[in-house]
Amino acid sequence: MIEQWHTLTLAAGSRPALILDTSESAKAVWPMIKSLTEGVLETLRQDCWPRIFFLGNPQPFDAAAFVANADQWFRANVGRGSVISPIFDVLETETDIAVVVVGNGLIFDLPDWHGHPLAERAVWCRYGPSSLTSGTYSEASYSVEQMAEKLHNPAVRIEVRGPSAMPVYWDDHSFRYEGGALVGEKTSGALTFGTLAPEPDTVTAHAVLSNGIRRNLELIATEPLRLPDWRNLTSKEDTLLRQCLRQGKYCCPHCSQDHPSGQWKCPDPAAPAIFRTLDEAGQSGFCLINTEPWQGLARPHPCSALQLADDLVAVRSASGQVVLMRFDSKGGRWLPTSEPFAPMHLVVNKIHALVV
Ligand SMILES: [Zn+2]
């Protein structure tokens, strides 16, 4: 298995495009188009404002100047043909942006873009009797709020996956390994993660945008993350944990009954915490303990996947259940096994993993 480390950064995406129709057929509805656009700009945060285009004109206009210049821009663009190619030619590679077209009357060259993501994903807003798309796409008269929602298209989720890759450590602990991918909700910032795979460079990352579009994210190779430090167990914890390793149970200092290892809390709700260091270290993910030194040590592993052997990883679900995943070299995938995760699961030497 090859261990690799990558960083991804969620940069702000390109601004959406709001395309306004100023052709002959839309002249009569211009006051509506204008007030709708003003309403949308009032609704959206300024850093989410769209670029404004006029049908037939490849030049983007600055939304910040719309209110002051709308009628002047309208006069300068009125009577341009109902063609969208000049704009789609400019936006052609920006296939993950939100596009909204507002107008009335047929866009003549739209069939040329049939099947292209810009046309297929565009939102068609019609104010008037004449179809924009000749029935190819659905059209509606959207309200200001609906339009603002369609133009606002932030990243809502990040997914990191590879057919044969298993994440083993990452620095944003709200991320989880789920359904074969490292998944988390993130709208800005960066994520650094390590993966195991039999071959290098099999991992890809995507941002899933609120309108469902998936944006590919660049991965930069980076140094391994520094793992958390080992910390001392208290001598009481140390004694009880060694008892567990020998006997699979410990004598509870609160109720004087035996509790099996894995049951790290006394069932008596009034009992104080017995394993305070474990509680702190194992809030999420796993806790490692090392009983090699005279005074035992604990180390948090705050990720839901923990490497146990070259081809074996323990995955903790949100509910605390642990499944061991082993790499299947025939199928080239990580598959769940029926092997149990022991309450104090041996990792290496005198290091055991447990779930708190
Ligand atoms: Zn007890």
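The model is predicted: local features need pLDDT of at least 70, side-chain atom pairs count only at pLDDT 80 or more, and totals for chains, interfaces and linings use all residues. Residue numbers start from 1 along each chain as its sequence is written.

Helices first. Helices here are DSSP runs of H or I with at least four residues, strands are runs of E with at least two, and both are numbered from the N terminus. Take α1, residues 30–43, and α2, residues 66–77. They pack at about 155 degrees, with axes 11 Å apart. That makes α1 roughly antiparallel to α2, a term for angles over 145 degrees. Axes are lines fitted to C-alpha atoms, for helices over the stretch in contact, and angles run from 0 to 180 degrees between N-to-C directions.

Which residues of α1 and α2 make the contact? From α1, Trp30, Lys34, Thr37, Glu38 and Leu41; from α2, Phe66, Val67, Ala70 and Phe74. Contact means C-beta atoms, placed from the backbone, within 7 Å.

Now the sheet. Six strands form an open sheet, in the order β4-β3-β2-β5-β6-β7, with mixed pairing. Two strands pair if DSSP finds at least two bridges between them. The edge strands are β4 (57–61) and β7 (139–140), and each pairs on one side only. Strand β6, residues 123–126, pairs with β7 in the parallel sense over two bridges. There, Trp124 stands opposite Glu139 in β7.

Last, helix α5, residues 144–151. Helix α5 lies across β2 (17–20), β5 (99–103) and β6. Its direction is about 145 degrees to β5.

How values were computed:
Parallel < 35°, antiparallel > 145°, perpendicular 65-115°, else oblique. Contact = placed C-beta atoms within 7 Å.
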